[in-house]
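Reader: I am new to this structure and would like to understand the terms used for it. Could you take me through them, one after another?

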Amino acid sequence: MSPFAEAADLVGENLACRRGERLVFRGFDCRLPAGGALVLTGPNGSGKSSLLRLLATLLTPAAGRLLWNGAPVAQDPAGYRGAIHYVGHLDGVKPALTPREMLGFWAALQGARRPAFDAAFAAFGLDRVADWPCRWLSAGQRKRLALARLVAAPAPVWLLDEPGAALDTDGEARLEMAISAHRAAGGSVAVATHQPIPLPGATTLAIDAFAAPPGDPLTV
Amino acid sequence: MHAFFGLIRHDLRLAARQGGDIGLVLGFFVLAVMLFPFGVGPEPELLRRIAAGIIWVAALLAAVLSLDRLFAADHADGGLDLIALSAMPLELAVLARGAAHWLTTGLPLVVVSPLLALFLDLDSAALPALVLGLLLGTPAMSLIGAIAAALSLGARRPGVLMTLLVLPLYLPPLIFGTGAVEASLSAEGARAHLLLLAALMLAALPLAPFAAAAALRQALD
């Protein structure tokens, strides 16, 4: 049933994150099974983005570990990176290139030989602008383009940092549709967001509950 | 390997679309060389003697000028995250970026250098040593430059820091490159110098990507 080569089961154990001298959060546990959804909430600066970057292996945890299908991610980081999509605040869109070229490049980075351009542009309503230079795109369209790479080169785990930012209602509806299709196919998604996002059966975790008290020693 | 060539293709396409970048580096190279006859006086004897040094120093400075293109833009716009998460190791990504950088800066410098050599009246017997030397030296300069570019990410004045980091490291290619031209006009021959330049490049080829990738991981963390 699942189009993905392997079961998708991501577990974070006792994660702690340090930014500079400050311990942002500690003792954070989460589980993202196949078809699962995780919504991360919390005020600005509580560590939502840091947690997603940590789940994406872009940050090294100060303590704790990630398990991918039961094995520590540290043993095979490349294999795990091939199984995730990370969409952050910054979109990496080059103004001089077209959406099609950007999407082709991102898919190539993921090792995908035949990116599903048409499906990706259709999913986020970008057909009309697919061959324009990206400098003509609005902020919302750039966000849609960044999200389109989720569809262009499938990967079981989606890590989305404020995916709804800059999107209009049509864009939000398209994002929800993409996420539910992804979950129905056995994929999972972790979303950090301020806006309420309808994700049936999602686990909601308030990350400020894991904040380190002020004056907590730097040792975790 | 698909990701590796995908990154090179992307970089080349970007460079072609923003042609100004290549033009800027080449323009700097040509203008810097043209300044010397005005500075030291138009005596053919003198110019002929220092031609190789002028061309090498100008090429080196032009290369430094282009180093901020390597990672700074991707670091600022989030593209570096995606490269770090790609299917290839970060070391390979650095190598791909270095290759694209050489194709868009080093190679054009090599191509233009014989014209500048003629302009400075360099002995035509020394041309092969000059071009071969640059052909071997510029890839090493792109690779070594990648280390400095990666290290200076996130610094307050990255351009200045990068220049300070990289210029001392460019001394060996400069010494052997100009040495090759000098030696090719004597009985000694340029062979030894060119072999040393090749050794430099071959050492930088595996070592620089590791150093630069480690620095990039620091910058992302």
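Author: Let us begin with two helices: helix α7 (residues 127-151) of chain B and helix α8 (residues 158-169) of chain B pack at an angle of about 155°, with their axes 9 Å apart. This is a predicted model, in which local features need pLDDT of at least 70, side-chain atom pairs count only at pLDDT 80 or more, and totals for chains, interfaces and linings use all residues. Residues are numbered from 1 along each chain as its sequence is written, while chains are lettered from A and ligands numbered from 1 in the order in which they are written.

Reader: Why is α7(B) called roughly antiparallel to α8(B)?

Author: The angle of about 155° is set against the rule that angles under 35 degrees count as roughly parallel, over 145 as roughly antiparallel, 65 to 115 as roughly perpendicular and the rest as oblique, and that makes α7(B) roughly antiparallel to α8(B). Axes here are lines fitted to C-alpha atoms, for helices over the stretch in contact, and angles run from 0 to 180 degrees between N-to-C directions. Helices (H or I, at least four residues) and strands (E, at least two) are DSSP runs, numbered from the N terminus.

Reader: Which residues make the contact between α7(B) and α8(B)?

Author: On α7(B) they are Ile144(B), Gly145(B), Ala148(B), Ala149(B) and Leu151(B), and on α8(B) they are Met162(B), Leu165(B), Val166(B) and Leu169(B); two residues are in contact if their C-beta atoms, placed from the backbone, lie within 7 Å. These residues divide into 8 nonpolar, 1 polar and no charged, where Ala, Val, Leu, Ile, Met, Phe, Trp, Tyr, Cys and Pro count as nonpolar, Asp, Glu, Lys and Arg as charged, and the others, Gly among them, as polar.

Reader: How do you know how α7(B) and α9(B) are directed to each other?

Author: α7(B) and helix α9 (residues 171-184) of chain B pack at an angle of about 170°, with their axes 9 Å apart, and they are therefore roughly antiparallel to each other. Among the residues of this contact are Gly133(B) and Gly137(B) of α7(B) and Gly177(B) and Ala180(B) of α9(B), and by class the contact has 8 nonpolar, 4 polar and no charged residues.

Reader: What makes β1 and β2 of chain A a pair?

Author: Two strands pair if DSSP finds at least two bridges between them, and strand β1 (residues 10-19) of chain A and β2(A) pair in the antiparallel sense over 7 bridges.

Reader: Why do β6 and β9 of chain A stand at the edges?

Author: In chain A, 5 strands form an open sheet in the order β6-β7-β8-β3-β9, with parallel pairing. β6 (84-87) and β9 (203-206) of chain A each have a single partner strand, so one side of each is left without a neighbour in the sheet. Within this sheet, 4 bridges join strand β3 (residues 37-41) of chain A to strand β8 (residues 188-192) of chain A, and Ala37(A) has Val189(A) as its bridge partner in β8(A).

Reader: How many residues does each chain give to the contact between the chains?

Author: The contact takes 22 residues from chain B and 23 residues from chain A. On the side of chain B, α1(B) gives the most, with 8 residues, and by class that side has 10 nonpolar, 7 polar and 5 charged residues.
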